[in-house]
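Subject: Structure handover

Hi,

Here is the structure I promised to pass on. Have a look at it first, and then read on for my notes.

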Amino acid sequence: AATDSANGSIDAHSSAQASNAGDQPVIVSASAVASLPGGAVGLGLVKGSSLTGNVTVSAFQTGADGGSGFADGGASVLNNAISGSTSGTLSLVQNATGGNATDFSHHGFGGNARSVLALNGINASLINASANATAGDGNLADEGGAPAGGAAVASAVMTGTQEVVASAIAKGGKSLGGILRGGGTASAGGG
C-alpha cells in the first residue's frame, strides 16, 4: 500500500505508486489540498499494479478557497491522473473539487472542477472506475451580480477485455440564492 497527502501553505503536490508481482492486493492513494488563496494544487504519478491481485487507486485534489485579496476559489483539474493494471479487479477513483469563494465583501466565483478519466485496452477481470467533479461555491457581494457558482465536468470512459463499470458525477457550484453558473455536466461510458 502507498499513501501520500499534501496540504500546502501555498502549493500542494502529491504522488504515490505501488506494485507487486504476485496475488496480493495493492492500494494506492494520493491527495493534494491547496490551503491558502492563490496556491497551486497538483498530483504527480498515482499508479498501482499487480500481477493477479486486486488493485485500488484513488486520487483527491482540492483547489484553494478564496480569501481577502483572492476572492475567487481555485480550480481543480484532473486529466487521467491515475492508472493501474492487474488481471484481477481494478478499482479507480478520481475526485476533483474546486475551491469556494470566501471573501464575502467581494463578488467571487467558485473554482471550476474537471475530472476526466479514460483508459483503453485494460485486461482486468473487472474494471470499476469513477470520475467525480465538484465545483466550488461562489458569492455575490451585491444582489445584482452575475451567478457565481463554479462549473463542473466529469467523464469516465473505459474499455477492457471483460466486465467494465464506469460512472461520472459532476456537481456545479452554488451562488448566493442557490443560482448555478453553468451547472454540472457529466458523461460516462464503458465497453
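Two strands pair if DSSP finds at least two bridges between them. Strand 5 and strand 8 meet that with eight bridges, in the parallel sense. Within this pairing, Gln61 sits opposite Ala96 of strand 8. Please keep in mind that this is a predicted model.

**Strand pairings**

Strand 5, which covers residues 55-62, also runs parallel to strand 3, and eight bridges join these two. Here Val28 has Val57 of strand 5 as its bridge partner.

There is also an open sheet of three strands, with parallel pairing and the order 2-4-7. Its edge strands, pairing on one side only, are strand 2 (12-20) and strand 7 (82-85). From one strand to the next, the twist averages 5°. Strand 2 is joined to strand 4 (residues 41-50) by eight bridges, again in the parallel sense. If you want a spot to start from, Ala16 faces Val46 of strand 4.

**The nonpolar core**

Which residues have the most contacts inside the largest nonpolar core? They are Val46, Val57, Ile82, Leu92, Leu117, Ile127 and Met158, in a core of 36 residues. Strand 3 (residues 26-34) supplies the largest share of this core, with five residues.

Beyond residues up to four places away in sequence, Ile82 touches Val46, Val57, Leu92 and Leu117, among others.

Ser115 belongs to strand 9 (residues 113-122). Is Ser115 buried or exposed? Its relative accessible area is 0%, so Ser115 counts as buried. The side chain of Ser115 makes a polar contact of 3.1 Å with the side chain of Gln94. Away from its sequence neighbours within four places, Ser115 is in contact with residues including Leu78, Ala96, Ala131, Asn132 and Val153.

Asn132 is found in strand 10 (residues 126-134). With a relative accessibility of 16%, Asn132 is buried, because the cut-off is under 20%. A polar contact of 3.1 Å links the side chains of Asn132 and Ser130.

**Two loop residues**

Gly88 lies in the loop between strand 7 and strand 8 (89-97). At a relative accessible area of 7%, Gly88 is buried. How far apart in space are Gly88 and Asn54, C-alpha to C-alpha? The distance is 5.1 Å, although 34 residues separate them in sequence. Setting aside neighbours within four places, Gly88 is in contact with Thr52, Gly53, Asn54, Ala124, Ser125 and Leu126.

Asn80 sits in the loop between strand 6 (76-79) and strand 7. Its phi is near 50°, a positive value in a residue other than glycine. Asn80 is partly exposed, with a relative accessible area of 38%.

Best wishes

How values were computed. Residues numbered from 1 in each chain as written. Predicted model: local features only at pLDDT ≥ 70, side-chain atom pairs only at ≥ 80, totals over all residues. Heavy atoms only, no water. Helix = DSSP H or I, 4+ residues; strand = E, 2+ residues; numbered from the N terminus. Axes fitted to C-alpha atoms, helices over the stretch in contact; angles between N-to-C directions. Core = buried A, V, L, I, M, F, W, Y, C linked by side-chain atoms within 4.5 Å. Buried < 20%, exposed > 50% of the residue type's maximum accessible area, 1.4 Å probe, protein only. Contact = heavy atoms within 4.5 Å. Polar contact = N/O pair within 3.5 Å; in protein donor to acceptor, adjacent residues only side chain to side chain.
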